[in-house]
Amino acid sequence: MIDFALSRASSPAEASEQAAKSKTAQQGAQVRYVAGGTTLIDLMKLDVETPVRVVDINRLELARTERQPDGSLRIGAMVRNADLAHDPNVVRDYPVLSQGLLSGATGQLRNMATTGGNLLQRTRCSYFRDLAYAECNKRTPGSGCSAIGGHNRTHAILGTSEHCIATHPSDMAVAMMALEARIHILNGQSEREVPIGEFYLLPGNTPNLENVLKPGDLITYVTLPPPVAGARSHYLKLRDRASYEFALASAAVVIHVDGERIRKARIAFGGVGTRPWRSPEAEHALEGKAADEATFRAAADAALRNAKPQRDNAFKVELAKRCLIRALTTVTT
Amino acid sequence: MATTPASIIGRAVPRIDGPLKTSGTAKYSSDHNFPNMVYAVPVCSTIGKGRIRRLDSSAAEVMPGVVRVYRHGKVPPIYRPIPHDRTARIDESRPPFEDERIYYNGQYVALAVADSYEHAKAAAGAVKVEYDAETPNVSLDLSDGFNDSMQEESKRGDVDAAFASAPVKIDETYVTPVETHNPIELHASVATWDGSRFVLYETTQAVMNHQAVMAQMLGVPRENVQIVMKFLGSGFGGKLWPWPQAMLAAVAARDLNRPVKLVIDRSMMFTCAGHRPRTQQRIRLGATPDGKLVSLEHDYANHSSISTVGHFRENCGEATPFLYSTPNLRVRSNVVDRNVGTPTPMRGPGAVPGLFALESGIDELAIKLKMDPVQFRLMNEPKLDESKGMPFSSRHLKECLTQGAEKFGWSAYKPEIGSMRRGDITLGWGVASCSWIAGRGACKATLSLRDDGTARIACATQDIGTGTYTVFAQVVSEKTGLPLHKIDVVLGNSSLPPGPTSGGSMVTGTVIPAIIQAADAAIRQLLTVATTASDTPFQNRKPEELVLTEGRIQLKSDAASAVPFETILKRANIRTAEGEGNSGPNSTDPQLRNYSFHSFGAHFLEVEWDAGIARLRVSRVVTVIDVGRIVNLKAARNQVEGAIVMGVGMGMLERTIYDPRNGRPVNNNVADYLMATNADCPEIDVTFLDYPDKLLNEVGARGVGEIGLAGVAAAITNATYHATGVRVRELPIRLETLMEQEKGSTTRRA
C-alpha cells in the first residue's frame with residue numbers, strides 16, 4: 001500500500017469536485033471515493049488500486065430509500081446492502097433484489113457494502129488481483145491476459161474478448177439489471193441518468209474501462225421502476241458452498257404470466273458474464289409463450305447460445321441453463 | 001485415578017481461558033510489542049523455479065523508515081538444522097536466503113525491515129528482482145512415484161498371489177489435493193535479543209522443539225533461546241515446526257539489536273508455512289464372494305518440495321495395516337519432488353488422506369459384493385492388530401459401527417442408487433470408519449501448592465486452542481480437591497519443565513501421568529510439612545495417616561480434623577509444597593510395548609442432491625468415537641464437531657490450486673480458498689463410547705483432536721455415490737464432475 005491523502009466530503013458536489021481532479025474514473029484512478037471500502041481497501045492493500053487521494057463519502061446524506069410519487073423506488077447510493085435487502089418495499093415489491101443481496105458476501109460485508117459501491121465492485125479474477133502477473137489488460141492496458149491459459153474455472157463465458165475474461169462479481173447489479181434500474185450520476189452541478197443496461201461496458205480491447213463513469217462522476221441514487229402489477233421475481237445463485245462465495249452461475253428473473261402466456265420477462269445472469277448479463281435472447285424466447293419447461297429450456301438455450309467457455313469452465317454453460325430453468329420454474333409455480 | 005460420579009474428569013467444563021479470549025485480553029504471539037521495535041516484511045519470488053539474476057534493493061533502502069533489506073549474501077548466518085534430530089524437527093530445513101536458487105513460487109528472496117509495518121511493506125514492494133526462470137515441475141500426476149523405489153511400510157502374506165486369485169476385487173486410484181492450513185492467526189514471530197539471549201514469541205505448537213531448532217539454526221546454545229507462546233489462534237499442524245520467518249525475525253533482531261516483529265500475510269500462508277501435500281493412492285482389494293477380505297494393497301505417493309529444501313512423507317498407510325482383518329497385505333509409499341513449498345502435517349496427517357482412499361475402496365468392494373457396507377466392515381473386524389500380532393489396548397470399532405447405524409437409522413438404507421428421497425431431493429447415505437494413533441510421549445510437570453491456598457501447575461507444553469489449559473486444571477482439581485479458579489496453569493514457555501508437542505493428539509494422554517505424579521509428590525511434601533510443623537493438629541503424626549481432601553488436610557480416621565492446607569503452610573512458614581512428575585513414552589514401556597494403541601470411530605452421513613441445479617450438500621452426520629475416557633466432554637465434543645466440519649470442507653470444497661504455468665497458488669486467500677462456512681455445517685450428532693484405556697494412563701484417556709476428521713471425506717463420497725451413481729475418487733467433489741458423470745441427469749428433473 002502506498003501513501004495516500006484522505007479527505008472527507010461534506011456534500012455530493014464537493015465529493016465530485018475532488019474526484020474531478022482524477023484523470024480517469026476507471027482503473028488507475030488517482031482519486032477514489034470510499035464508501036464501505038469492501039472492494040477498494042482490499043485492492044489498495046494489494047497495490048492493484050493506488051489512488052493518491054481517497055475521498056470519504058460516508059457522511060453524505062444518500063442513505064435513504066424512498067418511494068417516489070410515480071411508484072418508483074429511489075435508493076440512495078450510501079444505503080448499505082444489508083439495509084436494502086431488508087427494506088420492506090424491496091422485500092415486498094422487488095424480491096429478486098432482496099434475495100440477490102442476501103446471497104452476496106457475508107453479513108459483515110453486507111453491513112458495510114453500499115448500493116453505489118456494489119455497482120462498482122471489481123472482479124475477483126486472481127490474475128487481476130496479483131501483481132506478480134505483469135500481464136493483465138484490465139490493470140495494464142495492452143499487457144496481455146494471464147487468465148486465458150491460466151486457471152479459469154470461475155471466469156466468464158459471455159461477453160468475453162481475447163483481451164479479458166474477468167467475471168463481474170455482483171449479485172445486486174444482476175438483480176437490478178432484471179429490474180431495469182436507472183443510475184443517477186452527479187458531476188459538479190449537473191446530473192444525468194443512465195439505464196443500468198447502458199452503464200457497464202464490454203471488455204473488448206479496453207477491459208480497463210468498465211463503465212461509463214467519467215472523472216468527477218458520483219453515483220447518488222439508483223431508481224427502480226414501479227413494480228409491474230402481477231409480475232413475480234426471483235434470484236437463484238449456484239456455487240460450491242452455501243455461503244460467502246461468488247456465483248458460478250446465478251439468474252435474476254422478473255416475469256409476468258398472464259393466464260397461460262408469459263407477457264413480460266426480464267432475465268439477467270450473474271457469474272457468467274463480463275458484466276451483469278441481461279439476456280434479451282432469453283426474454284424473447286419467453287415472451288408470448290406458455291410458462292412450461294419446454295419454453296424455459298428454449299430460453300436457457302437461447303441465452304447461452306453464444307457462450308465461449310475457457311479450459312476450466314465449460315460446465316458453466318450447462319449450470320447457467322439449469323439455474324435459469326430452476327429460477328423460472330420456482331417463480332411460476 | 002479412581003474417579004467418582006462427582007469427579008470433574010469427564011465433565012463438560014468450560015475453558016478456564018475462555019474469558020481471556022472472549023474479552024480480547026489473551027495475548028497472542030503477534031500481540032507482543034516492545035520499545036524500539038521494528039517490522040519486517042518478506043519479498044516473495046514470483047517464479048516457480050530458476051535463479052535470482054539481479055536483486056536491486058537500492059530504492060527500497062532509502063524509502064522512509066527503512067532500516068535494512070536482507071537477502072542472499074546480505075544476511076547474518078542461518079545454519080541448517082541437524083538432520084533427523086527428533087528433538088529438533090523442521091520440515092523446510094533450507095535456511096532462508098541460503099542460495100540464489102528459486103525452488104518454489106512464493107519463496108522468500110528478501111526481507112525489508114522498517115519502523116512501521118506500512119513502511120516495511122512499501123519497501124518490500126519496491127525491491128526489484130530479476131530472475132532466470134525455468135519451467136517448474138508442478139505436475140498433478142504423481143505416477144512418477146509408482147516405481148521400484150517405493151518403500152515397503154507393512155507386509156504380510158502374499159498379496160500378489162492373493163489378489164490375482166481373489167474372486168471379487170477392485171483396483172482403483174484415489175487422489176487428494178493440496179490443502180492449506182488456514183488458521184485465522186497468521187504465522188508470526190516477535191524476536192527480542194538482549195546481547196546474549198533470545199526471547200522469541202512464536203506461533204508454535206511446540207515450544208520445546210522450536211527452542212531446539214532455533215538454537216541450531218541461530219548457532220547459539222539452547223539455553224540462550226527462550227520460546228514463548230501463551231495462546232494460539234489455531235495451528236492444525238501448520239505450526240508444529242518452525243518456518244523461515246522465525247529465523248529471519250531472530251537474525252534481524254540480533255543484527256539490528258532491536259525487537260523485530262514479522263507477521264506473514266495470508267498469501268504467504270499458502271507457500272512458506274506448509275500444506276497437506278497432494279496424494280495419489282492406489283487401492284487393490286480382493287475378497288471372497290461371501291465378503292471375507294483376502295487381500296489389501298495400498299500404494300501411494302505424495303508430493304514434497306525439492307528435496308534440498310525439505311522432505312515430507314505423508315503417511316497415508318497409517319491405519320491401513322490394522323483396520324481390517326486380512327491375511328495378505330502390503331503398503332508401499334514414495335515421495336516425489338515438485339516445485340512447491342514444503343508440506344507439513346495437517347490434522348490427522350497420513351490417516352486422513354489415507355482413510356479417504358481405503359474407506360472409499362472398502363465401499364466400492366462392498367457394493368461389488370452386493371453387501372451392506374456396515375455389515376462388510378463388521379465381518380472383517382480383526383481380533384488383534386494383525387500387522388504386529390499384538391492385542392489392541394482398547395478397540396471398540398464394532399460398537400462404533402453398530403451404535404452409529406442405530407442412531408442414524410441405517411436400517412432404512414436402500415442400496416439402489418438414487419432410491420431414497422425427501423421431496424424433490426435425492427438422499428445419499430454413506431458410512432466410513434476412522435482411526436488415529438494413540439500414544440504417550442515424554443513429559444515433566446511441576447505442581448506447587450502455595451500458602452495462599454492456590455496451586456500452580458507448570459509444563460512446557462502449550463494450549464493450541466483445544467482446551468489443554470483446562471485439562472491440566474481439571475486433573476489438578478481432581479487430585480487436590482481445589483476448585484478450578486484456585487489453580488494457575490502455566491504453559492507455553494520453553495523455560496518450564498519440558499512438555500510435549502501439541503501434535504498427534506498426544507498431549508492429553510501424555511501429560512496426565514506427569515500431572516498425577518507431580519500432584520502426588522506435592523501432596524506428600526505437604527503432608528510431611530503438616531507432621532513436622534509446630535502448632536498443627538498433625539504434629540508428630542505420620543504422613544501416611546493424613547490425606548488431602550478438598551484442599552484440606554485431615555487425619556484419614558477423623559474428618560473433623562480437617563484444616564485448610566494453606567493454614568498448615570503458613571504456620572510452617574513455607575511458601576510452597578512442590579512435586580515433580582514424569583511421563584514416559586508408551587513405546588519404551590516394557591509393560592506396554594506389546595500392545596497396539598489406537599483410537600477408532602465411525603461416521604454415518606447423509607447428503608442431499610438436487611440434480612436439477614447440481615447442488616450437493618451434506619445434511620446430517622452421526623459419529624461415534626472410541627477415544628478412551630473423555631476428560632472434558634465440552635472440549636472433546638468441540639474437537640470432533642470441528643473436525644467433522646473440516647471434513648465437509650475436505651470432501652466438498654478445499655483444494656489449493658496452483659497455476660499450471662508457474663506453480664503460483666491461484667486461490668491464496670480465505671475468500672477464494674473455500675472452507676466450510678456455518679451455512680455448510682450439517683446437523684452433527686457425536687457420541688463418545690467412553691471406555692477407559694487404562695493401559696495408556698491412569699485416567700484412561702487417549703487424544704481426541706484429529707480422529708474426527710479421518711473418514712469424513714470417504715463417508716461423503718460414499719453417500720454421493722449412493723445419491724448420484726457418480727464415484728468421486730479425486731477430492732474435492734466438484735459439481736462439474738457430478739454434472740458430467742451423472743447418467744442421463746442433464747435432461748432429467750430440471
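# Close-up views: interfaces, ion pairs and backbone

**View 1. Domain 1 of chain B against domain 2 of chain B: 0 salt bridges are found across this interface.** A salt bridge here is a side-chain nitrogen of Lys or Arg within 4 Å of a carboxyl oxygen of Asp or Glu. The model is predicted: local features need pLDDT of at least 70 and side-chain atom pairs pLDDT 80 or more, while totals for chains, interfaces and linings use all residues. Residues are numbered from 1 along each chain as its sequence is written, chains are lettered from A and ligands numbered from 1 in written order, and side-chain values use heavy atoms, without hydrogens or water.

Domain 1 of chain B spans 18-25 + 440-584, and domain 2 spans 389-437 + 594-741; such bounds come from an automatic or database domain assignment. Their C-alpha centres are 39 Å apart. Contact (heavy atoms within 4.5 Å) joins 13 residues of domain 1 of chain B to 16 residues of domain 2 of chain B. The buried area is about 1,100 Å², with 56% from carbon and sulfur atoms. Buried area is the accessible area (1.4 Å probe) lost when two parts are put together, summed over both.

Between these two domains of chain B there are 9 residue pairs in polar contact, both residues at pLDDT 80 or more. A polar contact needs two N or O atoms within 3.5 Å; within protein, one must be able to donate a hydrogen and the other to accept it, and residues adjacent in sequence count only through side-chain atoms on both sides. On the domain 1 side, α12 (468-480) and α13 of chain B each supply at least two residues. Helices (H or I, at least four residues) and strands (E, at least two) are DSSP runs, numbered from the N terminus. The largest share of the domain 1 side, 5 residues, comes from α13(B). By class, this side has 4 nonpolar, 8 polar and 1 charged residues. Nonpolar covers Ala, Val, Leu, Ile, Met, Phe, Trp, Tyr, Cys and Pro; charged covers Asp, Glu, Lys and Arg; the others, Gly among them, are polar.

**View 2. Chain A meets chain B through 35 residues of chain A and 36 of chain B.** About 3,100 Å² is buried between the chains, 50% of it from carbon and sulfur atoms. A:R241, A:R322 and A:R326 supply 23% of the area that chain A buries here, more than any other three residues. The rule finds 4 salt bridges across the interface of chain A and chain B. In a salt bridge, the side chains of A:R153 and B:E736 come to 2.6 Å, N to O. Polar contacts across the interface of chain A and chain B number 16 residue pairs, both residues at pLDDT 80 or more. On the chain A side, α8 (126-129), β9 (232-238), α12 (293-304) and α13 (315-332) give two or more residues. α13(A) gives the most, with 6 residues. The chain A side divides into 13 nonpolar, 6 polar and 16 charged residues.

**View 3. A:K237 and A:D171 form a salt bridge (2.7 Å, N to O).** A:K237 sits in strand β9 of chain A, and A:D171 in the loop between α8 and α9 (172-178), 66 residues apart. A:K237 is buried, at 7% relative accessible area. A:D171 is buried too, at 6%. Buried means under 20%, exposed over 50%, and partly exposed in between (1.4 Å probe, protein chains only).

**View 4. A:D217 and A:R192 pair at 2.8 Å, N to O, in a salt bridge.** A:D217 lies in the loop between α10 (196-199) and β8 (218-224) of chain A and A:R192 in strand β7 (residues 190-195), so the pair ties together parts 25 residues apart in sequence. A:D217 is buried, at 5%, whereas A:R192 is partly exposed, at 33%.

**View 5. B:R54 and B:E130 form a salt bridge (3.2 Å, N to O).** The pair links strand β2 (residues 50-56) of chain B, which holds B:R54, to strand β6 (residues 128-133), which holds B:E130, 76 residues apart. B:R54 is partly exposed, at 44%. B:E130 is partly exposed, at 33%.

**View 6. A salt-bridge network links B:D160, B:R284, B:E297, B:D299, B:R330 and B:R332.** Over all chains, the structure holds 69 salt bridges.

**View 7. The peptide bond from B:L731 to B:P732 is cis, with omega near -10 degrees.** B:P732 lies in the loop between α16 (712-724) and α17 (735-741) of chain B. Most peptide bonds are trans, and most residues other than glycine have a negative phi.

**View 8. B:D535 has a positive phi, near 65 degrees.** B:D535 lies in the loop between α13 (507-532) and β21 (546-549) of chain B. B:D535 is exposed, at 58%. B:D690 also has a positive phi, about 65 degrees. B:D690 lies in the loop between β27 (683-688) and α16 of chain B. At 35%, B:D690 is partly exposed.
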